[in-house]
Amino acid sequence: MANHTFSEQALSPWMRKPGPDTDVVLSSRIRIARNLRSFPFPLMATPEQAEGALEQLLGVAESGRLSGLGEMPAYRLSEMTELEKLVLVEKHLISPALAGQSRSGALILGPDENISIMINEEDHLRIQCLYPGFQIREAWEFASKIDDIFEEGVDYAFDEKYGYLTSCPTNVGTGIRASVMMHLPALALTGQINRILTAVTQVGLAVRGLYGEGSEATGNLFQVSNQLTLGLSESEIIDNLYSVARQIIAHEKAARERLLAESRPRVEDRILRSYGILKYANIIDSKEASQRLSDVRLGLHLGLLTDVSQETLNELLVSTQPGFLQQHHGEALSAEQRDMTRARTIRSRLANEA
Amino acid sequence: MQCQECGKRQATLHFTKIINGEKTELHICESCARERGELIPGTASGFSIHNLLSGLLDFDAAANGVKPPQLRCENCGMTYSQFSKLGKFGCSQCYKHFADRLEPLLKRVHGNTVHVGKIPKRAGGRVKTKREIDRLKKEMQGKIEREDFETAARLRDQIRELEREIGS
């Protein structure tokens with residue numbers, strides 16, 4: 001593999017761009033699941049069939065149809081190291097499932113890493129578009145365009161009644177998963193978070209941690225996404241998510257103002273303590289790091305802390321993950337070595353900032 | 001036993017690896033296992049949506065105490081019991097072969113069984129026309145109620161034309 005830029009930079013280029021409401025919403029993501037009509041799904045495909053599906057889909061990329069989107073290199077998962085795969089997972093560019101068990105798996109990566117196209121994951125084709133801040137509608141329009149380009153070149157499995165057919169019945173119909181990554185520290189500090197998240201699940205949305213299904217919410221980061229894919233149109237799904245996320249943003253902002261008005265000295269103390277620990281700690285585990293980084297991010301957005309930028313915090317979110325730490329260190333690390341490397345990474349990044 | 005990685009927490013996961021007769025053991029706590037990610041088999045995902053789903057799939061049978069007939073997809077060879085274990089279809093034809101049991105499942109998961117979203121340009125031509133016919137029929141009904149029979153007649157011809165196109 002000639003090009004490894006994706007594993008060198010912790011922060012994807014798209015994350016450096018400005019976006020609306022970035023003080024609460026880190027990113028917006030659309031994922032579209034599609035399958036080819038004439039091949040069994042990856043689960044039941046023989047190695048030859050999996051390879052056949054891969055070749056058809058890579059054929060679309062090589063035909064130049066995608067060239068309007070910029071340079072889109074394709075990587076076969078079999079040519080990557082375990083650590084490189086882990087780094088891609090930590091950057092949200094591939095799913096743990098593709099990294100783990102796929103046969104004839106591949107990744108097509110857009111120029112800003114804002115497009116990642118997975119081949120032979122649970123479905124033959126998964127198109128993912130990422131946008132900074134709260135831009136879920138923009139993300140859908142872009143992803144839908146890429147979907148149209150693929151459809152010109154391959155025959156999709158589509159049913160008149162059930163819509164786009166997917167391996168898992170929870171994706172059938174539109175095949176889309178729309179999600180926004182939200183930072184909700186003030187709702188957590190004021191004890192309102194559980195009430196709000198429970199309400200969210202009652203309107204057909206799901207809440208997950210930073211790394212999707214099965215991951216724990218750390219650092220007050222929550223991924224809110226649609227649950228239903230059948231019986232609603234894409235725009236209904238996206239409007240629903242949009243209006244719920246809008247309300248959560250408003251609640252979070254109100255809670256931040258209340259924190260400042262009612263308990264400023266205590267909040268300020270908490271934020272500055274966390275900043276101090278990040279600046280001087282010698283050993284820090286990932287859970288503590290993400291909690292402290294969340295405090296500092298809140299401090300930045302409350303205007304209580306100015307010596308650190310949002311870009312740096314976004315970068316540290318990825319560069320302090322185990323895979324990235326080890327990739328950069330060039331070898332596997334024990335738990336304690338990892339916690340020390342993590343502390344060093346944060347220290348030197350924050351020192352550069354001041 | 002303490003975790004070999006952090007030396008702090010109780011080890012709750014125990015692995016034995018034998019490669020070429022050489023045996024290595026690993027005793028590790030859950031949080032270290034999670035950090036190591038997919039380097040360790042079986043810890044990548046805990047309880048997932050698929051576990052839940054397979055519970056739903058056998059719901060009817062479990063409730064009635066009836067053993068379901070062994071359905072099998074002729075295209076990919078997946079059996080219904082395989083499907084209900086994995087919670088995933090094997091190919092697009094599975095949707096046809098398991099159709100009878102699909103409706104209640106989709107109803108339970110999505111509250112609905114009919115797709116109303118995007119339609120692919122090439123594969124979905126027929127569906128697009130069908131939706132257009134439905135739309136025109138509704139419009140025609142409205143015109144009739146308002147006694148605008150001239151427009152209604154024009155819409156009727158349009159509908160007939162489209163119906164001929166898709167041969168229904």
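**View 1. Two helices of chain A cross.** In chain A, the axis of helix α11 (residues 322–329) comes within 10 Å of the axis of helix α12 (residues 335–353), and the two cross at roughly 85°. The model shown here and in the other views is predicted. Two packed helices are described by the angle between their axes and by the distance between the axes.

**View 2. Helix α11 of chain A and the residue after it.** Within α11(A), the buried residues include A:P322, A:G323, A:F324, A:L325 and A:Q326. Just past the end of α11(A) comes A:G330, which has a positive phi of about 85°.

**View 3. The open sheet of chain A.** Eight strands of chain A make up an open sheet. Their order across the sheet is β2-β3-β4-β5-β1-β8-β10-β9, and the pairing is antiparallel. The edges are formed by β2 (74–76) and β9 (205–208) of chain A; each has a single partner strand, so one side of each has no neighbour in the sheet. On average, neighbouring strands of the sheet are turned by 20° against each other, with direction ignored.

**View 4. Strand β1 of chain A and its two neighbours.** In the order of the sheet, β1(A) stands between β5 and β8. With strand β5 (residues 125–132) of chain A, β1(A) pairs in the antiparallel sense over eight bridges. Along this pairing, A:S27 is opposite A:P132 in β5(A), and A:S28 is opposite A:Y131 in β5(A). The pairing of β1(A) with β8(A) is also antiparallel and has seven bridges. Here A:R31 has A:R177 in β8(A) as its bridge partner. Of the 10 residues of β1(A), 10 are buried, so the strand is largely enclosed by the rest of the structure. In a regular strand the side chains alternate between the two faces of the sheet.

**View 5. A helix across the sheet of chain A.** Helix α5 (residues 136–153) of chain A lies across β1, β3 (106–109), β4 (115–119), β5 and β8 (176–183) of chain A. Relative to β5(A), this helix runs at about 150°.

**View 6. A buried serine in a loop of chain A.** A:S12 is found in the loop between α1 (5–8) and β1 (25–34) of chain A. Its relative accessible area is 4%, and because this is under the 20% limit, A:S12 counts as buried. Apart from residues up to four places away in sequence, A:S12 touches A:K91, A:L93, A:D112 and A:E113.

**View 7. A buried valine in a helix of chain A.** A:V244 belongs to helix α8 (residues 234–280) of chain A. With a relative accessibility of 12%, A:V244 is buried. Neighbours within four places in sequence aside, A:V244 is in contact with A:V200, A:V203 and A:L205. In sequence, A:V244 and A:V203 are 41 residues apart, while in space their C-alpha atoms are 8.8 Å apart.

**View 8. The elements of chain B.** Chain B has eight helices and two strands. Counted from the N terminus, the elements run β-β-α-α-α-α-α-α-α-α. The chain has 168 residues, of which 36% count as buried. Among the contacts in chain B between residues at least 6 apart in sequence, 32% join residues at least 24 apart.

View 9. An unreviewed UniProt entry lists residues 126–165 of chain B as "coiled-coil region". In the model, this span is 92% helix and 0% strand, and its end C-alpha atoms are 9 Å apart. For "domain: UVR", UniProt lists residues 130–165 of chain B, again in an unreviewed entry. Residues 130–165 of chain B are 92% helix and 0% strand, with the end C-alpha atoms 10 Å apart.

How values were computed. Residues numbered from 1 in each chain as written. Chains lettered and ligands numbered in written order. Predicted model: local features only at pLDDT ≥ 70, side-chain atom pairs only at ≥ 80, totals over all residues. Heavy atoms only, no water. Helix = DSSP H or I, 4+ residues; strand = E, 2+ residues; numbered from the N terminus. Buried < 20%, exposed > 50% of the residue type's maximum accessible area, 1.4 Å probe, protein only. Contact = heavy atoms within 4.5 Å. UniProt positions renumbered as here; feature names shortened; annotations may be inferred. Axes fitted to C-alpha atoms, helices over the stretch in contact; angles between N-to-C directions. Pairing = 2+ DSSP bridges.
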